[in-house]
Every structure is written in structure tokens, then in C-alpha cells.
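Here is a friendly tour of one protein model, written for someone who likes to know which side chains meet which. Keep the viewer open as you read.

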Amino acid sequence: MTATATTPKHEVKDISLASQGKQRIEWAGREMPVLRLIQERFSKEKPLAGIRLVACCHVTTETAHLAIALKNGGADALLIASNPLSTQDDVAASLVADYGIPVFAWKGEDNPTYHRHVQIALDHKPNIIIDDGGDVTATLIKERQNQISDIIGTTEETTTGIIRLRAMFNDGVLTFPAMNVNDADTKHFFDNRYGTGQSTLDGIIRATNVLLAGKNVVVAGYGWCGKGVAMRARGLGANVIVTEIDPTKAIEAVMDGFRVMPMSEAAPLGDLFVTVTGNKHVIREEHFAVMKDGAMVANSGHFDIEIDLKALKAKTKEVRQVRNFTQQYRLETGKSVIVLGEGRLINLAAAEGHPSAVMDMSFANQAMACEYLVKNQGKLEPGIHSIPEEVDKEIARLKLHAMGIKIDSLTAEQEKYINSWTMGTE
Ligand code: ADE
């Protein structure tokens, strides 16, 4: 199908890419059975009828299924990108032309365009905001106080966004409920670990085609994402070094069998560096100065602040584009540092983000969180709310069912035992 008279307002790169996008959206749907069930129920029950909704997400084949579920649930949904480099242009085109969903996003949009799209999203006067990183929520609070009374609540997809929401709450400016999708077990155990693990290495390999076996790979940050990247890099034969600032996570990395050291010691050893910390300038001037010639740096944290590219540029004589998403920075010293994906999320810049099988659970949580906000409108305190345990467990049950895997259930005797404190040593 091509653009019709009912085509909604949009800003996408090329609407003629729609048929390719539709084919890819359908392919992703094969591995999203849980979201499909929710979508089918939403189509019948319309739990989001009359709700104006803005989703600021990576515009991918998986996000397409979330957007379709929300629309089928009755929401007047509009989609913008949560990162200037992560949009899949064919998907954006298909959402507009085939599914009638307004999308304002294209791959490679500049920062002013990105911020203009955030304003367009807020012009939609949302009742619910789905955020990935917190930009729409932060802009609402900073610039659109007059719209806060329209808000039923927000949902947040990622660790970085949750950290921002906590800061908003501590500053007393989070005056509405925000659902913490990231910390649902069926989200971060799978998306952050297996999703980031696979897609980050996928992005690095697509960008460079390097062999990882035998390379020293330095993973900065041993949260769930760092654990996934370290595990998968080891699986490909790399010697993995972990850097951390948290003593407990550092012990975990040691006991998982990785070398742990400060970045100052890892910098001269690494062939490839991957930042997944959520913090800024984790790799900076003093580290670039001691790196091997040809060392590669990539980021898989939400924002492009983890690698201090300004400091690198200041010491650089020439930047050459050597492959897609691969730039060689020739330093004044004669050595080079290779920067992947401009320091932006490498898994979405150079690959396609997390595979659909994990996004199925993440976006099932998002859809259910929106329904929960509507059902509990006016009842939830301002602040950050967990996804209810029964929702999280139901998503896990549906996923297992779809995978054809059965598990045990408690016997009556076991049920009694775990609910009693009187039974100890027999
Ligand atoms: N975040 C990471 N991977 C993603 C994907 N495939 N779609 C949407 N958001 C993502």
C-alpha cells in the first residue's frame, strides 16, 4: 500500500520505502507472540480509547508492533525517534503509509531536528508518554508545565531514563506517575542482557567486520547491559576486561571470570572498547593518549556522552570515514583511534537493535503499563511505580507458553511450607 488521502502528518525520509518496511515489520512479528496476544486483546477491548499518546522510541520493526498494538487499543498515537541515528526509514514509512500512524523521524536527523520532533510530540498534547531515555518527559517538565494537567502518566524504557526520573522526583518536579518498565524482570533480565549483548556485537561486527577472537575487549560498566556484552564477547573468543566504579559489580565481574581494572590500566591494553555505563566521559583524553594504534571505541549506552569525542577531536589532525559507521581519527602523535557509530548506540546505529524475541517482552510491558495507567487514572501517587508483579509474571508465562516450554508448579504441601514460618528442622 502506498500513501493515501488518510495518510497522517509525518516527517519520514522516503515514503516509497513503505513496502520494504512492511515486509520487515511482518518478519519481526514472528518472534513477538506475547505482544501479538496483547494486540489482539487490545483490538477487542480498546483499553486506550480516547487516549492521546506519544512514543519516543527507537523506530524499529519491533517498535512498529508496539505502535500498532497501541493504535489497535484505541490510542491516538504519534511516534518520534529517541535517538538521531536509530530510525529504520523503511519502518517509519510503512507505519505512516500502511498503518496510518504519524511518525516524525529519520535516520541521521540532526540534533535541532531531533529537538523539533520532541516539540511536535508535545504539540500532540499527550495523556501518556512512552519515553526511552526521558527526553519528552524532561522537556514537558522544563517547557510545557501548562500541559502537565493533561498527563495520566509516563512509562520509561531504559536505565538512563529511570535515573533521570529519580532525579526529577528528588527535585520535586515529577508530579505525575511514571511506570518503570526497565526494572520489570521480563524487561531488564532479557533486553538489557541478551538483547544488548547480541546487538552490540552485531553492530560492531557489521561496522568493522573484525575478528573478535583473541582481541582484548574492554567493557566499561558491569550492569545488565555490560554483563551481556562481556558474556557475548567472551563467547566469540575475546579476552574481556571489565571496568567498574561499583565495588559489588566489580566482584561479580571477577567471579564471572573477567579481569577487572581501572580504565587507566585497561586503556593501553584494549583493542576494542565498549562503554555501557550511562555516565559521561568514561573514555577521555588521558585514555586516548595511551591507547594502541588502531584501537576501536564504541558506545552502547543510551546517550552519546560516554566517549569524550570533543577531547579526541582536539588532538586529531584528520577524520576519515573508512566504512559505514566507522571513522578513523588520525591523532597528532601519528597514531589512530577508530570511532564506531559516532559514539552513539552502536547496536542501533550500525545494526538493528535488540532482536524481536526480547523486545517482545519489553514492549509487552510497555503496552500493559499504558493500560495500567489508564485503569488506575487518578489513583496512582506522583512518582515512579514498578510494573505490578502479576503483570511481569503473566508476560513470562505467556512467553514460555509461546516457546512451548512447560514448568513445574508448587504442590499443596510446598505451597503450605513456603507460606509458613513454623516448620524448620524436621
Ligand atoms: N532498544 C534496543 N533495541 C531496540 C529495538 N529493536 N527496538 C526498539 N528499541 C530498542
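Which residues does F273 touch, not counting residues up to four places away in sequence? In this predicted model, the contacts of F273 are V218, M263, A266, A267, I283, M291, A295, M296, V297 and A298.

**Around F273**
- F273 is part of strand β10, which covers residues 272–275.
- With a relative accessibility of 0%, F273 counts as buried.
- F273 and I307 are 34 residues apart in sequence, and their C-alpha atoms are 9.8 Å apart in space.

**Nonpolar cores**
- The largest nonpolar core has 50 residues, and L48, L53 and V103 are the members that touch the most others.
- At least two residues of this core come from each of α2 (33–45), β1 (52–57), α3 (61–72), β2 (76–81), α4 (89–97), β4 (128–131), α15 (356–375) and α16 (389–403).
- Helix α15 gives the most to this core, with 10 residues.
- Another core, of 25 residues, lies apart from that one and includes I204, L212, V219 and I346.
- Leaving out residues up to four places away in sequence, V103 touches K9, H10, E11, V12, V59, L79, A92, L95 and V96.

**Aromatic rings and charges**
- Searching the whole structure turns up four aromatic pairs.
- Y222 sits in the loop between β7 (216–220) and α9 (224–235), while F258 sits in the loop between α10 (247–255) and β9 (259–260), so the pair ties together parts that are 36 residues apart in sequence.
- Both partners are buried: Y222 has a relative accessibility of 2%, and F258 has a relative accessible area of 6%.
- An aromatic cluster is formed by F189, F190, Y194 and W224.
- R30 lies over the face of W27, at 4.0 Å from the ring centre.

**Helices α5 and α6**
- Helix α5 (residues 111–123) packs on helix α6 (residues 135–143) at an angle of about 70 degrees, and their axes are 10 Å apart.
- That angle makes the two helices, α5 and α6, roughly perpendicular.
- On the α5 side, Y114, V118, Q119 and L122 meet D135, V136, T139, L140 and E143 of α6.
- Helix α6 is mostly covered, with seven of its nine residues buried.
- The buried residues in α6 are D135, V136, T137, A138, T139, L140 and I141.
- These buried residues of α6 pack against β1, β2, α5, β4, β5 (153–156) and α7 (159–170).

**A loop glycine**
- G237 is found in the loop between α9 and β8 (239–243).
- Is G237 buried or partly exposed? G237 counts as partly exposed, at 34% relative accessibility.
- Aside from its neighbours within four places in sequence, G237 is in contact with L212, A213 and G214.
- G237 and L211 are 26 residues apart in sequence, and the distance between their C-alpha atoms is 9.1 Å.

Terms used: Residues are numbered from 1 along each chain as its sequence is written. This is a predicted model: local features need pLDDT of at least 70, side-chain atom pairs count only at pLDDT 80 or more; totals for chains, interfaces and linings use all residues. Side-chain values use heavy atoms; hydrogens and water are left out. Rings of Phe, Tyr and Trp (its six-membered ring) pair if their centres lie within 6.5 Å; planes under 30 degrees apart count as stacked, over 60 as edge-to-face and the rest as tilted. Helices (H or I, at least four residues) and strands (E, at least two) are DSSP runs, numbered from the N terminus. Buried means under 20% relative accessible area, exposed over 50%, partly exposed in between (1.4 Å probe, protein chains only). A charge sits over a ring if NZ of Lys or CZ of Arg is within 6 Å of the ring centre and within 35 degrees of the ring normal. A nonpolar core is a set of buried Ala, Val, Leu, Ile, Met, Phe, Trp, Tyr and Cys residues joined through side-chain atoms within 4.5 Å. Contact means heavy atoms within 4.5 Å. Axes are lines fitted to C-alpha atoms, for helices over the stretch in contact, and angles run from 0 to 180 degrees between N-to-C directions. Angles under 35 degrees count as roughly parallel, over 145 as roughly antiparallel, 65 to 115 as roughly perpendicular and the rest as oblique.
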